[in-house]
Amino acid sequence: MAEASVDASTPPVTVKKKKSLSIEEKIDIINAVESGKKKAEIAAEYGIKKNSLSSIMKNKDKVLEAFESLRFDPKRKRLRTAFYTDLEEALMRWYRIAQCLNVPVNGPMLRLKANDFAQKLGHNDFKCSNGWLDRFKSRYGLVFRAQPVEATTPVDPSAVWHQNVLPYYLNDYHAKNVFNIKETGLLYRMLPTNTFAFKGETCSIGKLCKDRITLVVGANMDGSEKLPLLIIGKNRNPHCFKGIKSLPVCYEANRMAWMTSDVFEQWMRKLDEKFQAQQRRVVIFVDSFPAHPEVKNLKSIELAFFPSCLSSKFIAMKQGVIKSLKIKYRHCLIKKFLSSVEGSKEFTFSLLDAVDALHLCWRAVTPETIVKGYEEAGFKSQNDESDKTNAETDPGLDLVAHAQAAGVEFPEGLSIEGYAALDDDLETCETTPGEEDSGGTAESKSDEAAFDTSDDEDDGGSLGAQLPLPSKSEAITALDTLKIFLRSQDIDDGLHNSLADLEIFVNSLSSK
């Protein structure tokens, strides 16, 4: 029998050896399929045929069982995790917070939240299928049970948050990377003689409105870092800012001189860039207000929103920090006023004066005051020591007695603390979008528009008292005078170095 001829031009058939996949690779394939990724893309990525992928999916229960048996093998030095670990971490954090606040969670809610996190984290190919959700619940031991019908003892949401949710964040972040921010209103030109006129005034419309600003105060848990003050006024370009190219604070402006969602988002992005440059990851605790939206795609900041029902006693900046800043500021304002009275000069105090005074007073708030504020708000650090800090005091002169001695009326029974707290209840944040502002009638809006026009002409100071911008030579002369005065005092190396830095900077400027 003749042998079949073989065409020499035909190359020998090479049988490609089937790729052997590890358990971890099979788990990754299962996760990818269940997440909605196309099977053809997965097969190409792992170098396998579609029928091999189908076989893996058909036997996924056995694969998962093998995976679990290997997970706790002490000889294994490395184990690949499932896809989208950042999504799973965010989903579990949300689930635990919901649990702590007694919010019932079921499968559909979890699926919706998973898809929401996927969108925010940029996982556009993710789809929360039933299979993915089942394995997610299995991985974390989640079991959804029907809520008991019988009456239960009422739970205080503030206590639940403080005992269960807050520690969850504090375990993830070092004290230096835990921040709290809080808005407060300030009537920056309010003198003691005006307190009765201001008391009870909403200051959102009318003539008193021009004297109000909103301060946003923030610091970290160990008191080592204060965020630059954010000051929100009504006029974006007040006369007193003419020629000013830099301020020691962040300044924004809008019609109502309060926090808005746009201002909040812009500020968060600026802070995010700062923390990115420092290669830090921080958490910032904020109130749940319409003016505090979730800001997407932050790289270094995690925003933690206080529940809307949370008591103000859990807000660190409200536990003495804002009070200390305001008391120091009122001291500065009264001293400035008394100086004018004793020198028989007209008292002027512009928004720029307020900015400078607030910056100095914020620097003077001590780390001890900030730490104590966090402790009183229930933020317990790992190295907590009882009675470690004390509330700061402002020794100095008795300003009330000094004011009365100078012939300045100081309302009877009004203390410095009471004087500083009179504007604490001013509204500082925008209301729900579309909702009319308090007193938002046609008449009040007309008054406000009229005020906005006048505010362009009067920033709270005296226009006639404005001084021309000093020349470089005048600045050097002033600096020489300052050096002579300070060197006659007992100052430390820090001030000597600051003087040298100032002199170097002024000399480096071009002559004008």
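Student: Which residue has a side chain that makes a polar contact of 2.5 Å with the side chain of Asp-423?

Tutor: The residue is Arg-330. This is a predicted model, in which local features need pLDDT of at least 70, side-chain atom pairs count only at pLDDT 80 or more, and totals for chains, interfaces and linings use all residues. Residues are numbered from 1 along each chain as its sequence is written, and side-chain values use heavy atoms, with hydrogens and water left out.

The side chain of Asp-423 also makes a polar contact with the side chain of Lys-326, at 2.8 Å. A polar contact is a pair of N or O atoms within 3.5 Å; within protein, one must be able to donate a hydrogen and the other to accept it, and residues adjacent in sequence count only if both atoms are side-chain atoms. Asp-423 sits in the loop between α15 (416–421) and α16 (442–455). Helices (H or I, at least four residues) and strands (E, at least two) are DSSP runs, numbered from the N terminus. With a relative accessible area of 0%, Asp-423 is buried (buried is under 20%, exposed over 50%, partly exposed in between, with a 1.4 Å probe and protein chains only). Leaving aside residues up to four places away in sequence, Asp-423 touches Gly-185, Leu-186, Leu-187, Met-190, Lys-326 and Arg-330, where contact means heavy atoms within 4.5 Å.

From the loop we can turn to the sheet. Six strands form an open sheet in the order β4-β3-β2-β1-β5-β6, with mixed pairing. At the edges stand β4 and β6 (301–305), each with a single partner strand, so one side of each has no neighbour in the sheet. From one strand to the next the twist averages 25°. Strand β1 (residues 178–187) pairs with β2 in the antiparallel sense over nine bridges; two strands pair if DSSP finds at least two bridges between them. Within that pairing, Lys-182 has Val-217 of β2 as its bridge partner. β1 and β5 run parallel and are joined by three bridges, and the partner of Asn-180 in β5 is Phe-285. Helix α12 (residues 351–364) packs on the sheet, where it touches β1, β2, β3 and β4, and its direction makes about 20° with that of β2. Helix α13 (residues 367–376) lies across β1 and β2 and runs at about 85° to β2. Axes are lines fitted to C-alpha atoms, for helices over the stretch in contact, and angles run from 0 to 180 degrees between N-to-C directions.

Strand β2 (residues 212–220) is largely enclosed by the rest of the structure, because nine of its nine residues are buried. In a regular strand the side chains alternate between the two faces of the sheet. One side of β2 carries Arg-212, Thr-214, Val-216, Gly-218 and Asn-220, the other carries Ile-213, Leu-215, Val-217 and Ala-219, and all of them are buried. β2 also pairs with strand β3 (residues 230–233), antiparallel and over three bridges; there Val-216 stands opposite Leu-230.

Ala-257, in the loop between β4 (250–253) and α10 (261–277), has a positive phi near 55° although it is not glycine. Ala-257 counts as buried, at 0% relative accessibility. Gln-279, in the loop between α10 and β5 (282–286), also has a positive phi, near 55°. Gln-279 counts as exposed, at 77% relative accessibility.

Elsewhere, helices α17 (residues 472–487) and α18 (residues 493–508) have axes that come within 10 Å and cross at roughly 170°. That makes α17 roughly antiparallel to α18 (under 35 degrees counts as roughly parallel, over 145 as roughly antiparallel, 65 to 115 as roughly perpendicular and the rest as oblique). Among the residues of α17 in this contact are Leu-479 and Leu-482, and those of α18 include Leu-499 and Val-506.
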